[in-house]
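This report describes selected chain contacts, a strand pairing and a helix packing. The structure comes first.

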Protein chains: 4
Amino acid sequence: MAGDHGLKYAMVGGGIDAFIGEVHRKAIALDNSATLVAGALSSTPERSMESAKQLGLPEDRSYGTWQELVEKESERDDGVDFVVIVTPNNTHHPIAKACLEAGLNVVLDKPMTMTSDEARELAHLANDNDLVCGVTYTYTGYPMIREAAELVRNGTLGNIRRVELRYLQGWLANDIESEGQKQASWRMDPKQAGAGGTLGDIGTHAEHLASFVTGLEIESLSAELTSFVDGRVLDDDTSVRVRYEGGAKGTYLATQVLIGEENTITLSVYGDKGSLWWSNGDANDLKVATLERDTYYLTRGQDSLSERAKAATRTPPGHPEGYLEAFANIYRGVAELINAKKLGTPVGPLGHDVPGPEAGLCGMRFVERVVSSSNQDGAWV
Amino acid sequence: MAGDHGLKYAMVGGGIDAFIGEVHRKAIALDNSATLVAGALSSTPERSMESAKQLGLPEDRSYGTWQELVEKESERDDGVDFVVIVTPNNTHHPIAKACLEAGLNVVLDKPMTMTSDEARELAHLANDNDLVCGVTYTYTGYPMIREAAELVRNGTLGNIRRVELRYLQGWLANDIESEGQKQASWRMDPKQAGAGGTLGDIGTHAEHLASFVTGLEIESLSAELTSFVDGRVLDDDTSVRVRYEGGAKGTYLATQVLIGEENTITLSVYGDKGSLWWSNGDANDLKVATLERDTYYLTRGQDSLSERAKAATRTPPGHPEGYLEAFANIYRGVAELINAKKLGTPVGPLGHDVPGPEAGLCGMRFVERVVSSSNQDGAWV
Amino acid sequence: MAGDHGLKYAMVGGGIDAFIGEVHRKAIALDNSATLVAGALSSTPERSMESAKQLGLPEDRSYGTWQELVEKESERDDGVDFVVIVTPNNTHHPIAKACLEAGLNVVLDKPMTMTSDEARELAHLANDNDLVCGVTYTYTGYPMIREAAELVRNGTLGNIRRVELRYLQGWLANDIESEGQKQASWRMDPKQAGAGGTLGDIGTHAEHLASFVTGLEIESLSAELTSFVDGRVLDDDTSVRVRYEGGAKGTYLATQVLIGEENTITLSVYGDKGSLWWSNGDANDLKVATLERDTYYLTRGQDSLSERAKAATRTPPGHPEGYLEAFANIYRGVAELINAKKLGTPVGPLGHDVPGPEAGLCGMRFVERVVSSSNQDGAWV
Amino acid sequence: MAGDHGLKYAMVGGGIDAFIGEVHRKAIALDNSATLVAGALSSTPERSMESAKQLGLPEDRSYGTWQELVEKESERDDGVDFVVIVTPNNTHHPIAKACLEAGLNVVLDKPMTMTSDEARELAHLANDNDLVCGVTYTYTGYPMIREAAELVRNGTLGNIRRVELRYLQGWLANDIESEGQKQASWRMDPKQAGAGGTLGDIGTHAEHLASFVTGLEIESLSAELTSFVDGRVLDDDTSVRVRYEGGAKGTYLATQVLIGEENTITLSVYGDKGSLWWSNGDANDLKVATLERDTYYLTRGQDSLSERAKAATRTPPGHPEGYLEAFANIYRGVAELINAKKLGTPVGPLGHDVPGPEAGLCGMRFVERVVSSSNQDGAWV
């Protein structure tokens, strides 16, 4: 189909009952960015083979373990172009490392690894071997987030003063991990999730989203992690005050215990010439105000938007695009990057906007700094 | 992948530069409902073959004309399971007729045909031959529209009093068809579009959406068609007052000349026990009020929704789904229907919610009644 | 206080238990537009005197009947400057006539009278005697409605194509008049309310609001009146299709039986250069779109607004004004008009925007045409 | 009029060109809570007398200085019932002290004083002399804020976890005080405003609003004050992290340099059973969610609201009330309190909700703690 460059991919994790694996597969399928041809889909060989069967994978590419997958696919002449890793955080690093060492491009879910050292190692491996290592920070896939980044870049807002980011959920308002809810269990288990609970899960989204739109570097931060639900070891609520290089300030709030918040993300960026507001509940709109003009709205699909935003859209204005489309934009970019390496086709705006290993590393450093500051009662780190 | 039943489809129309063909392909790909394996993609053999090549179709299934496609695919043992027809309105009938006569299931864009007689013929053919004939009234694919239909069906609203539906666009505010804008040109050409301009294009969406949600039959209607833009032969604005069987009343406004309206669809249904409101700008929400309760919101993905709505969703609450997902739900239903015939798998809620030939016929009768009433200065028809 | 020109007024009706009388008094008090010094506040002398006492009126100006009030106040040297008439519709005409014949300025609630003949008589009386006869069409008192009228007047929208006005309430969804609810009882009694139920009560607001903003004259209309609630004689739902002089079209929907609608008023005006949207739920904002610009928002209190809108505001942007402030703007205008006659002070924008007897008459003709059309099954009248 | 108990008041400050004095006068007039009969309206005797004349005050109660006003009014048999003090912050304390020592009730604008010591002294004076000392924290006058407080009080939200409050303005985005803008000049002058700029002006509103709704006491806070505009001595941006007694946490952001924010106040309160959301842009609505129910809306004027909220409203649902009505509710409460002392009439919910000297003192302590924390780079204070 249009945009089909015949890329093939494998998936590690994402088998039966997994939520996010299916999201990745749909996001890739939407634009026919690549075709799933191999997998090691679960944590036991039996369940892996069963999942592979359900997904219709060929038997010889249905692997019981990720080690086997990496070994076989990197040896095949028609081996996959990239591997999508959608396992719990603690396995990201060994799997990705093995892939990159075997010459396989990878796409990882966030947070990238368990530590910044691990992330740094992967970044070096990818760079040294000239391989793609994408990290699926989904929300930067929204066209109007890309337009927002353009408005900052082109000076419409002037010098940034304040960045306000809230990422609010409520599904962990109760101790559902004790009741065996699978999504909750691994996210709140330090062995599988790492040093951050909510911090790692959605705090990293917040950090990357702010960074993507503003381009600002965090100079120092003061943080407070809270576990509101009794018995929870990891944080379920992360509050961060940020000082950026150049004098701007920001606050990030990421929390998963607020009843009634389904998946609320709001971003406001205020400069000395203008401001912008975005929320994922109205993901197709971008509100803007400048000193010269009244408050106005930019909407996805308009001709007047930047090429960068237009490249990331499929339907006309007024025909809403959502989360899967944003996710799919990351994968269209990944396909652009891989095709560029493979076929010499040009990298367009979608490829340039793929979050790479540096973004993943940045997220891990953010997690570590937040934990450190919180442990020092909010000292600036 | 999950839900892959190995269906194959062909497309007629939808080649290079076509807008809606690509939308259909993405909608089918999102859930892997079927795979495109054949096509007669354009109005000339040359452009058809070129489009087929770009989409990566096998040469032996890249057809120059739809007649050839129907002939060959109906003869092949591995012929397609269904044909998607995305050509201008005036060719829907001959193509669909040929398909149905050759035993091929079809999916048609709306409006179904040029006349109700044509639509009736297709409906008979489909029914007599036990074939699927789906019509892509996209907006009924939204999960919260299906929830709305459930709320009416289960009596939450009581007896319906008023139905208010507005479908507002602005892209035809100027005479862009004279400037050669392709989408505008055929829609405002009576030879290609039929008796209704805006009426056929989006007025039929309005009629079906109201019918789908409320289940009400139109007893009589009073209509006024207007061409606001000079030189336009067909209507660009349709205002209809409806009397339903049972005493409810409604007004539909469909217009394409309202500057600032991108693709605004709002539906309000008011009964003697409660009311509901939906708009495609907030497609993931459904506002409800009843005499017993405060005004409240249902949101896509909630556990408390009906099975019918839940079957039509992919992502958790707060992760917005949009137009392509709604569209894809129609095709998931089509796949259910065809698999039921082919493999004996059960038809689920998605299949039962596919708009069939009766819905298409209903739309054509609506077009004809509206034109008739308007020609009589709004007499009740 | 600021703006105090020492005007004195009397009130007819508006005693104990009355809703709207207190609203008028507050609206007048807010800006100290005038001081209440006399009243005939109820339908029996006993209750009138009791109400007067509660309001602290001087005994010698607490009247048992309106006839007495008119006689005495018109004879006093320090008689009132104007009389506010807030009685059921059927008494508007005799009271206002007596006032105007006695040389007293009046302010009437809408609908102005029971018939257009009565309204015409009052208009003539007011004009012949050079007296103020204001009609409290409250919603035109909103600053952003006045800004909307300016945008039409100054050509920002170009030639108007469509006017969409909905005035929706739900408090009459059940037969509460049979249960003795006072507000409902007289409004649904033809003897007290006139030929229109909902039509007279809020349909006239709709007509005036559209007329005030657009300046368009109704050429003909096609209407349908419905009584959804069993046993109700007058309409509780009014649907009108309008053709304006010059070719624009409109639809008005006024209804009081829609559960969940508290007092929803939405106005959209679409021209061939631009559009505007207003709703009383966001009364401080005005949404505008033009061909040249993105969709933008004007907000009450901004420096960039017209003098006409700015004159009608009291607080800075972001400090919302509401219904009482809109109401108070009518009275500030009435005070301007009366002071102009009395003291020779200039009439400013507030005075020019007071709905006069012609507006009241226009409303009564609207009621009569709607009833006539509805009786002829929607014929154009 | 209804509710008129014949109270008389004097005003100190609020003369020509003053903004807030007129707001207080309108708020008092709206419900006829009291009548202005005396004033020392400006900082020079000449301008005071001129302002008094414009407001129509009797000559013998038009004072050149506040000292004179206090002396004379406290000696008159028919002296005022209370004095409204609407001068710059630095004069609040001496004026209020003189009033209270002379036995006069007072109403003060916030922030109450320059220091907490001053506020404490006034609180003692008021309590010792059994006098009313109201502080006009306007936003707690909104009926739906009072309903919110009831929902917390009656346990609907369970134990509070998070309080999020933002008070955002943009009018100080540039250095307009250097250009002589009067409102800006004194607010950004430490001699007139005190230790806090934005902190004192709107940060105190934020603190009181959160306290009023939740009833939570601040255990400790960590703050960061910023002056984004060059040359500004006082803060124009206040960011505070709060730990409440009992374990809840909160963040307040109060800033006046955010372009495009007119006067945005949003409050979210999250408990372990439910949540509520309010914003002054939709001041008539309160959004609520609980574990047991879908997200729903309470609206001003509904019968189902608490008596406390209903007592603070004037018009039916759907007829919006705004800032002046909220302000007026404070004064209706002040009138209740004074009448209770004077006439023995009962204190109703409006009186009980008047912010008293303790609230004012609390605000001053908040200012001092924030400044202290900020000076220690965000240490918990």
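The model is predicted: local features need pLDDT of at least 70, side-chain atom pairs count only at pLDDT 80 or more, and totals for chains, interfaces and linings use all residues. Residues are numbered from 1 along each chain as its sequence is written, while chains are lettered from A and ligands numbered from 1 in the order in which they are written.

**Interfaces**

Between chains B and A, 33 residues of chain B are in contact with 33 residues of chain A; contact requires C-beta atoms, placed from the backbone, to lie within 7 Å. On the side of chain B that touches chain A, α1 (20-30) and α11 (323-343) each supply at least two residues. Helices (H or I, at least four residues) and strands (E, at least two) are DSSP runs numbered from the N terminus. The largest share of that side, 6 residues, comes from α1(B). For chains C and D, 33 residues of chain C are in contact with 33 residues of chain D. Here α1 (20-30) and α11 (323-343) of chain C each supply at least two residues of the side that touches chain D, and the largest share, 6 residues, comes from α1(C).

**Strands of chain A**

In strand β8 (residues 237-244) of chain A, 7 of the 8 residues are buried, meaning that 20 or more other C-beta atoms, placed from the backbone, lie within 10 Å of the residue's own. Strand β7 (residues 218-226) of chain A pairs with β8(A) in the antiparallel sense over 8 bridges; pairing needs at least two DSSP bridges. Ile218(A) stands opposite Tyr244(A) in β8(A). β8(A) also pairs antiparallel with β9 (residues 249-255) of chain A over 7 bridges, and Ser239(A) stands opposite Leu253(A) in β9(A). β8(A) and β9(A) form a hairpin with 4 residues between them, and Gly246(A) in the turn has a positive phi of about 100°.

**Helices of chain D**

α1 (residues 20-30) and α11 (residues 323-343) of chain D pack at an angle of about 70°, with their axes 8 Å apart. α1(D) and α11(D) are therefore roughly perpendicular to each other, the term for angles of 65 to 115 degrees. Residues making the contact include Val23(D) and Lys26(D) of α1(D) and Phe327(D) and Tyr331(D) of α11(D).

Technical notes: Two residues are in contact if their C-beta atoms, placed from the backbone, lie within 7 Å. A residue is buried if 20 or more other C-beta atoms lie within 10 Å of its own, exposed if 12 or fewer, and partly exposed in between; C-beta atoms are placed from the backbone. Axes are lines fitted to C-alpha atoms, for helices over the stretch in contact, and angles run from 0 to 180 degrees between N-to-C directions. Angles under 35 degrees count as roughly parallel, over 145 as roughly antiparallel, 65 to 115 as roughly perpendicular and the rest as oblique.
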